[in-house]
Structures are given as C-alpha cells and as structure tokens.
Amino acid sequence: MTNQAIDNFKSQVFLILNNVPRGECIAYGELAALAGFPNHARQVGAIMKNLPKDTNLPWHRVVNAQRRISFPENTEGYLRQKEKLEQEGWVIIGTKLAMKTD
C-alpha cells in the first residue's frame with residue numbers, strides 16, 4: 001500500500017468508526033471492508049492500537065469477528081473497553097459480548 005493509500009484507508013476507517021452508533025459494535029474486518037480494503041483487519045487493529053488515549057473516536061466499539069474484546073482479559077485496555085461497552089448496555093462475559101440489556 002502506498003503512503004497515499006494508507007492515509008486514505010485511515011481516513012475512511014476514522015469516518016466509518018465515527019458513525020458507528022452508540023450501543024452498536026463492528027468487527028475489525030467489517031471496518032476494513034467498509035473502508036475499501038477487505039482482508040486488512042490487522043491494519044485496522046494497528047490503527048486502533050495507535051489512537052491517543054483521549055481520542056473522541058468510539059474505538060471501544062471495534063471487536064473481533066467472534067464478537068470478543070481482543071485485549072487479554074483483565075489488562076488495562078480490556079478493562080477500559082469493557083467499561084465503555086457496558087456503559088452502552090452490553091453484557092460482557094469473559095471477553096465475549098452478550099446480548100445487550102434493556
């Protein structure tokens with residue numbers, strides 16, 4: 001991928017991510033495909049990993065294809081993402097997202 005393609009990909013990822021509604025989640029691969037680069041889920045993960053901690057983007061709404069939090073359980077990143085998802089109504093069992101509460 002050229003630098004311009006990488007920049008376009010990042011811009012598309014940010015735009016799509018910013019439009020994921022509260023209470024919804026998207027998989028890394030889904031986000032990559034919507035950004036025009038199917039099979040680039042790992043690159044989406046790298047983009048998410050490099051976001052500043054104080055970002056306004058809803059990074060916590062990105063999960064893996066099995067609807068699991070990708071951080072190892074009980075790490076700082078896992079706990080931050082779990083808390084944010086629970087605030088939006090998700091139930092987390094281990095690392096797996098379960099049905100949202102009413």
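Let's start with Phe37: at 21% relative accessibility, Phe37 counts as partly exposed, because buried would mean under 20%. Keep in mind that this is a predicted model.

Now, what about Phe9, buried or exposed? At 2% relative accessibility, Phe9 counts as buried.

Why do I mention these two together? A search of the whole structure turns up 1 aromatic pair. In that pair, the ring centres of Phe9 and Phe37 are 4.9 Å apart and the planes meet at 70 degrees, so we call the pair edge-to-face. For that label, the planes need to be over 60 degrees apart.

And where do the two residues sit? Phe9 is in helix 1, residues 3-18, while Phe37 is in the loop between helix 2 (28-34) and helix 3 (41-49), so the pair ties together parts that lie 28 residues apart in sequence.

Let's step back to the chain.

How about the overall dimensions? For 102 residues, a compact globule would have a radius of gyration near 13 Å, and the chain agrees, with 13 Å. Its C-alpha trace spans about 40 × 25 × 25 Å along the principal axes.

Inside the chain, 36% of the 102 residues are buried. Of the contacts with a separation of 6 or more, 54% are between residues 24 or more positions apart.

Last, the surface and the charges. The chain exposes about 6,400 Å², with carbon and sulfur atoms supplying 50% of it. There are 13 positive and 10 negative charges, and their mean positions are 4 Å apart. Thanks, everyone!

Definitions and conventions. Residues are numbered from 1 along each chain as its sequence is written. This is a predicted model: local features need pLDDT of at least 70, side-chain atom pairs count only at pLDDT 80 or more; totals for chains, interfaces and linings use all residues. Side-chain values use heavy atoms; hydrogens and water are left out. Rings of Phe, Tyr and Trp (its six-membered ring) pair if their centres lie within 6.5 Å; planes under 30 degrees apart count as stacked, over 60 as edge-to-face and the rest as tilted. Helices (H or I, at least four residues) and strands (E, at least two) are DSSP runs, numbered from the N terminus. Buried means under 20% relative accessible area, exposed over 50%, partly exposed in between (1.4 Å probe, protein chains only). The radius of gyration is taken over C-alpha atoms; the globule rule is 2.2 Å times the number of residues to the power 0.38. Contact means heavy atoms within 4.5 Å. Accessible areas come from the Shrake-Rupley method with a 1.4 Å probe; for residues, only the protein chains shown count as cover. Lys and Arg count as positive and Asp and Glu as negative; His and the chain ends are not counted. The place of a charge is taken as NZ of Lys, CZ of Arg, CG of Asp or CD of Glu.
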